[in-house]
Protein chains: 2
Amino acid sequence: MIDLAVLGLLSESDLHGYELKKRLREIMGPLSSVSFGSLYPALARLERDGLVEAVMLDAVDHSSPSIPMTGSLSGEAAAFRAGRLRSVRGSRNKKVYAISPAGRARLGELIADPSGDERNFNLKLAFCRWTEPDVRLTLLERRRAALVDCLSEGRRSIVAGSERIDRYVRSLMEHHTESTERDIAWIDRLIAAERTTAEPMAAEHAGPPVESQTIGGKP
Amino acid sequence: MIDLAVLGLLSESDLHGYELKKRLREIMGPLSSVSFGSLYPALARLERDGLVEAVMLDAVDHSSPSIPMTGSLSGEAAAFRAGRLRSVRGSRNKKVYAISPAGRARLGELIADPSGDERNFNLKLAFCRWTEPDVRLTLLERRRAALVDCLSEGRRSIVAGSERIDRYVRSLMEHHTESTERDIAWIDRLIAAERTTAEPMAAEHAGPPVESQTIGGKP
DNA sequence: GTCATCATGTAAGCCGTTACATGATTGC
DNA sequence: GCAATCATGTAACGGCTTACATGATGAC
């Protein structure tokens, strides 16, 4: 999960740990954000595995400002090498990470991997622009199916426990049901957008669209 | 968290582990439910701490069908002792748990405790009928405040990252914002219901209602 | 000069999951 | 008799949080 988040953010720009954490809060919300205690070890592990590369920025000899280097660094690190950015705020002792080709491949795997959906869907969606269109569609449809399941199970629970449940539980369940319906509608909009964006030629080997399966208004 | 769920469910009726797990799925949804691997140890711990009491039902000598016993057991166990329920489905080797007075007190503490809101709000709400009305109101208002925070932080993120974020992240953030607005409206309905239910006399020492703080339609 | 923020890490421990092990009961 | 479900547990392991430890920089 943390790998997904880190690789996804580094796909867009090179970042150091502290900034990474701020971005993490932005996209994951204050709740369910990660702490430094897990972020830094994760970065170390990703570096060890060759999925990210780190450049230490400290009191640098910024001689030769235009080295091509390995070519995999861009964004902040490149800007730094180019001579800009040094005064932005204490550019000492910051370890700027960049995603490697292997890291990009891993990100693709993580987004395509169906296990750990549910928990990580939001993150996968946030970074799905780095995957192929068909992976995106699959992700969205898998999510839709899960939500439909969740919805019907929720309704079943309300019926099954109708005598037992008090007004608080009832309100909770009803609210949850409505939220899930809205989530499904949202996913449907994303799916529709995805289909119109994709080249129409690819439509034939994508199979017929899922049965429209009305999710219904308030019962 | 698991303590909260277990004590809450046992407040309503005596249950054995397996049934407890099913109820857990009902109220917490299929996602974020607990597994046997954590449920059974938790039950053992709660029993050790005197928060629940267990009655083993196995191939029983059900002599003397009307013992008063300790008096703390009710529901399924009582029904069993009364001679009903034995044929409902293999009543052998089931360990039926009942909440103790200490357990009820602990449940009250867990619901009132502000830490671990966010993660456990739904569970707290589900079982808040076992607490005092003022605890319920405090819980709801704490939640409302958290959601308002979340909302404003979300909006700030959208503005702050407006250039950086792609359409997937944008859609995610907008959907999240809308969901949060709906959550707040829902909480407001619960708060309103709570206030009208509470005896009007108590209104004076509850302080003035929170500033109405419009959460706004689509910006 | 001191405080808030930026910045990076380590260590202990909680909480929960997965996988394993076992056995009774019911329906076919 | 065999599979599915009911029912209870244990053991290993993983991921993330909390708390701790450290130090630079910038604002006032």
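A:Glu118 counts as partly exposed, at 40% relative accessibility (buried means under 20% relative accessible area, exposed over 50%, and partly exposed in between, with a 1.4 Å probe and protein chains only). The structure is a predicted model, in which local features need pLDDT of at least 70 and side-chain atom pairs count only at pLDDT 80 or more, while totals for chains, interfaces and linings use all residues. Residues are numbered from 1 along each chain as its sequence is written, chains are lettered from A and ligands numbered from 1 in the order in which they are written, and side-chain values use heavy atoms, with hydrogens and water left out.

**Glu118 in the two chains**

- A:Glu118 sits in the loop between helix 5 (101-112) and helix 6 (121-126) of chain A (helices, H or I with at least four residues, and strands, E with at least two, are DSSP runs numbered from the N terminus).
- The phi angle of A:Glu118 is near 75°, a positive value in a residue other than glycine.
- B:Glu118 is found in the loop between helix 5 (101-112) and helix 6 (121-126) of chain B.
- For B:Glu118, phi is near 70°, again positive in a residue other than glycine.
- B:Glu118 has a relative accessible area of 41% and is therefore partly exposed.

**Chain A as a whole**

- Chain A has 8 helices and 3 strands.
- Along the sequence, these elements follow the pattern α-β-α-α-β-α-β-α-α-α-α.
- Of the 219 residues in chain A, 42% are buried.
- Of the contacts (heavy atoms within 4.5 Å) in chain A between residues at least 6 apart in sequence, 68% join residues at least 24 apart.
- Chain A has an accessible surface of about 11900 Å², with 54% of it belonging to carbon and sulfur atoms (areas come from the Shrake-Rupley method with a 1.4 Å probe; for residues, only the protein chains shown count as cover).

**The interface of chain B and chain A**

- On the chain B side, 35 residues are in contact with 34 residues of chain A.
- The two chains bury about 3600 Å² between them, 53% of it on carbon and sulfur atoms (buried area is the accessible area, 1.4 Å probe, that two parts lose on being put together, summed over both).
- There are 16 residue pairs in polar contact between chain B and chain A, both residues being at pLDDT 80 or more (a polar contact is a pair of N or O atoms within 3.5 Å; within protein, one must be able to donate a hydrogen and the other to accept it, and residues adjacent in sequence count only if both atoms are side-chain atoms).
- The elements of chain B that give two or more residues to the side touching chain A are helix 2 (17-28), helix 6, helix 7 (133-160) and helix 8 (167-197).
- Helix 8 of chain B supplies the largest share of that side, 16 residues.
- The interface holds 8 salt bridges (a side-chain nitrogen of Lys or Arg within 4 Å of a carboxyl oxygen of Asp or Glu).
- B:Arg182 forms a salt bridge with A:Glu178, with the closest N and O atoms 3.4 Å apart.

**B:Glu153**

- B:Glu153 belongs to helix 7 of chain B and counts as buried, at 16% relative accessibility.
- Leaving aside neighbours within four places in sequence, B:Glu153 is in contact with A:Arg25 and A:Pro30.
- The side chains of B:Glu153 and A:Arg25 make a polar contact at 2.4 Å.

**Cysteines**

- Over all chains, the structure has 0 disulfides (a pair of cysteine sulfur atoms within 2.5 Å).
- The sulfur of A:Cys150 has its closest cysteine sulfur in B:Cys150, 20 Å away, which is too far for a bond.
- A:Cys150 counts as buried at 10% relative accessibility, and B:Cys128 counts as buried at 2%.
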